[in-house]
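Student: I would like to learn how to read this structure feature by feature. Can we take it one topic at a time?

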Amino acid sequence: MNTTNSNSDYSQVESLETAIKEFAEKLPYWAKYLAKKILSENTISDNDIDNSYSYLLENLKLKEETQKPDISINCNSANTTNYKSDLFLTKLENVEGVNALVENQTIEFSPNLTIIYGANGSGKSGYVRLLKNVFYSKAPEKILQNVHIDSGHKSVSAKFTFKSNDTEIPLNNANKDNVEFKQFAVFDGKSAISHLEQKNEFEFRPSGLNFFANYTNAIKRVEDKLNVDIQGKSTQNDFSILFDGDSEIKTFVQNLNAQTKFDDIKRYTPFSDEDKTKKEDIQKKSDDLRLILSRKNEEILKLENIKKLLTENKTAIERLNQIFTTEALVRVKAAINDCLTKEVTAKNEGIENFKTDKIQGIGTVEWKNFIISAETFAKKQNIKNNLYLQKENNCLFCLQPLSEDAEKLIANYWIFIKSVAEQNAKKALETLNNIKQKFEQLNFDLFPANNTLTTWLTEKYPNELETLKQTLSEQKALAQNIISDIQNKTVSERVEIKIDIEQHTIIETAIDASIKSLKEDEQNKELDNLLKTKTFLEHKEKFNTYFSKFEIYVDNQVWIKKAKKADFAKRKITDTEKNLSNKFFNQKYIDNFNSECKKLNGSFGIEINHTGSAGKSYRQLKLKGNSPNTILSEGEQKVIAIADFLAEMQLSEINRGFVFDDPVNSLDNDRKKQIAQRLASQATAKQVIVFTHDLVFVSDILTYSENSQLPFLCHWIENRNNNPGQIWLENAPCYEKKYRNAELVKKIYLDCNNNCPPTQREMLLKQGFAALRTCYEVLVINELFCNVVQRYNERVSVDSLSKVIITDEIKNELADSFAQCCRYMEGHTHSDKYAYQQPEPINLNEEILRYESIRKIIKDAKKTISINK
């Protein structure tokens, strides 16, 4: 199994190393330091990261330059010296806490090929999960505890024994980070999906190419360290909250950054005793000046209020002027004329019908009002259909029955008051009354006594106030005259009276000037200057109080600016790794993959896409741009996945073995033969371990192994009485030739009698009975049924049926003997018919003799038939 590199491989490694060395030599010192460590050691310690980070800070001028040793890059191709080229797994034992696997079992492994055969549910998956947990797998699984028990669960534990240089290396699953475990890989159905669907990283590559992933990881740790420091020094400039008001110092502090010069920071230091005295003097002056100015502010507020009141007064006068314009007076006169005209018309159109010597005042207002009131009162009477003028109605005054003339007169009254002329006269009167009401509501008392505006005008503008009051009195008199004209319906010529508001404008202008003068007073300017100086001194005092904070902040900003210039050249790493992978690795993988596909009869036109990221290489299988599992059959998918797995493993410098879990599920017999041949061929160079439930596949792989004289082991795993994981070493159906007689069982019997310890004797006895059970199975197939149906042959030998002999005696003896073997090998009985007793060597010998007796009975019966023929 030992392998050596060819000359071509050696030259390839040398050229790869040369390219890596050239890359490393061009790195800055801090990165070169890491490259040196990676190329000479397996891991980068935290101390190495700290040293590299310190060198990076020197490179960025963030730390004082130190004397550093020269770095010489020497690629060490022995970077995998911890891995063992002759390593193989010899034994797995003491498995506990894995699913429901029975304990105290041992699996021995051949350096070449080992097959563990068992039906579904026999416990194979539990062992595979354990191996996936410690070996490399694209689909590791969590190991579950025994779900069939509520308590008493044990921690996962297993002992692995490796061998190298004729020395055993015992390890347990807790040591899975040891290099021995990294030299084996597992392939199963779930990892097959990963091979087909996902973008997969190359886990096994030339050690030189692994440099880039390790280097990327190392510089990322340095970068993370730098980012932590940057984050720690990154604080927000919220210093402005320290300063009330505005000043050049506050503006300066708000703009502190990496470009701020330290001489500028010191410009506002120190805050001297002189500054303190000056600040106190300014405080006193400003307080005194504020007291003076507060009076001026009161005056300004007073003037602003006067102006507001004056503006409101002006608006009120303007409204009055609108009422007493010539046009407005003409409209009043027109309304009176309109009313008079319409009343005359109404009178002329209806009064003549009612003139009589019996009633005086026909047509007067009183007469009209009387009729209207009578009509309204008539409507209040409780009369049928609300109709007053009916024959049975009486007069509302004298209660005498109405005559026809009376009914006609009253009806004419109603018609009169509802006539158009009368309605027009009524509306004209309403209009006139509305005008009168508006005049009555006018307010001419715009300058009441004790009013703020009146008082101020009396003091400041008495003449102007008197003029305004006089004109308002004239307007009031005019209003009274107009009201009288309306009441008497007298048409009079009235003259417009307008109050001059020019004085309002003059006074407003004077007030604005006074306010402006007060605000622009030199004392205000002086106070502003004092306050600015005071604010500056207060800010200067605060600045000196927090000076160290400002200094630290600027230091940090300068530090961060320099730190962000760090160049980790990630793209360059990825590009270099990708170029070297393409040159020294990817094509070799493609060649290997195509070769494996050809050997497995799986040339389906699969394309391989290569990508790189963070110093790692990835591949993804495609078929016509699609994932293979969307196009290929299940069997074809399995072939491609196995080809991908084997192609990568062949490139590995460290891999020493494979574990396959049911690699031929859903495959036809031809595919099974091809894969069996390929795995047997692989077992000549690396250790191959196969878990399977497929007897045909077992037969195929063992046939190829025997033909090539390849050493192998084949064990049987069973689930007996709901106890999965029972291992029977070298006791699988594939060993039929060994079980055609009881010689192997006899050897075990002799070993039991060879003064072995009780525990070993018990184990040997169980193996003996298990072996004898297999002897009975082979006896039934070969002797009793004369190989009519063979384990691994699809053809049924009908011709051999004539040789078959089955009697009740033979059936009963076989069934009873087989059951007895099962009871002894399991350690308990199936029924109350048999009371279990601890087996002894004598019991095994008895059963051996019983087997040979039954075997002789069958052979004698067959001879008898042959003679009779």
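Student: Is Asn 665 buried, partly exposed or exposed?

Tutor: Start with the cut-offs: buried means under 20% relative accessible area, exposed means over 50%, and partly exposed lies in between, with a 1.4 Å probe and protein chains only. Asn 665 has 33% relative accessibility, so it counts as partly exposed. This is a predicted model, where local features need pLDDT of at least 70, side-chain atom pairs count only at pLDDT 80 or more, and totals for chains, interfaces and linings use all residues. Residues are numbered from 1 along each chain as its sequence is written, and side-chain values use heavy atoms, with hydrogens and water left out.

Student: Where does Asn 665 sit, and which residues does it touch?

Tutor: Helices (H or I, at least four residues) and strands (E, at least two) are DSSP runs, numbered from the N terminus. Asn 665 lies in the loop between strand E10 (657-661) and helix H22 (669-682). Contact means heavy atoms within 4.5 Å. Not counting residues up to four places away in sequence, Asn 665 touches Lys 638 and His 693.

Student: What are the totals for the protein?

Tutor: The protein has 27 helices and 13 strands. Of its 869 residues, 43% count as buried. Among contacts in the protein with a separation of 6 or more, 75% come from residues 24 or more positions apart.

Student: How do I read a sheet, and in what order do the six strands of the open sheet run?

Tutor: Two strands pair if DSSP finds at least two bridges between them. The open sheet has the order E6-E10-E11-E3-E12-E13, with mixed pairing. Strand E6 (184-187) and strand E13 (724-728) are the edges, each pairing on one side only. From one strand to the next, the twist averages 20 degrees. Angles here run from 0 to 180 degrees between N-to-C directions, and axes are lines fitted to C-alpha atoms, for helices over the stretch in contact.

Student: How many bridges join strand E3 to strand E11?

Tutor: Five bridges join strand E3 (residues 113-117) to strand E11 (residues 687-692), and the two run parallel. Leu 113 has Val 688 as its bridge partner in E11. Helix H21 (residues 634-651) packs on the sheet and touches E6 and E10, its direction making about 175 degrees with that of E6.

Student: Which strands does E1 pair with?

Tutor: E1 is joined to strand E4 (residues 157-164) by six bridges, running antiparallel. Lys 159 in E4 is the bridge partner of Glu 93. Three bridges join E1 to strand E2 (residues 106-108), also antiparallel. There, Lys 91 stands opposite Glu 108. In a regular strand, side chains alternate between the two faces of the sheet.

Student: How many salt bridges does the structure hold?

Tutor: A salt bridge is a side-chain nitrogen of Lys or Arg within 4 Å of a carboxyl oxygen of Asp or Glu. The structure holds 44 of them. In one, Lys 68 meets Glu 58, with the closest N and O atoms 2.8 Å apart. Lys 68 lies in the loop between helix H3 (46-59) and strand E1 (88-96), and Glu 58 lies in helix H3, so the pair ties together parts ten residues apart in sequence. Glu 58 is buried, at 3% relative accessible area.

Student: Which residues have the most contacts inside the largest nonpolar core?

Tutor: A nonpolar core is a set of buried Ala, Val, Leu, Ile, Met, Phe, Trp, Tyr and Cys residues joined through side-chain atoms within 4.5 Å. The largest has 68 residues, and Phe 660 and Ile 701 have the most contacts inside it. Helix H25 (residues 758-784) gives the largest share, eleven residues.
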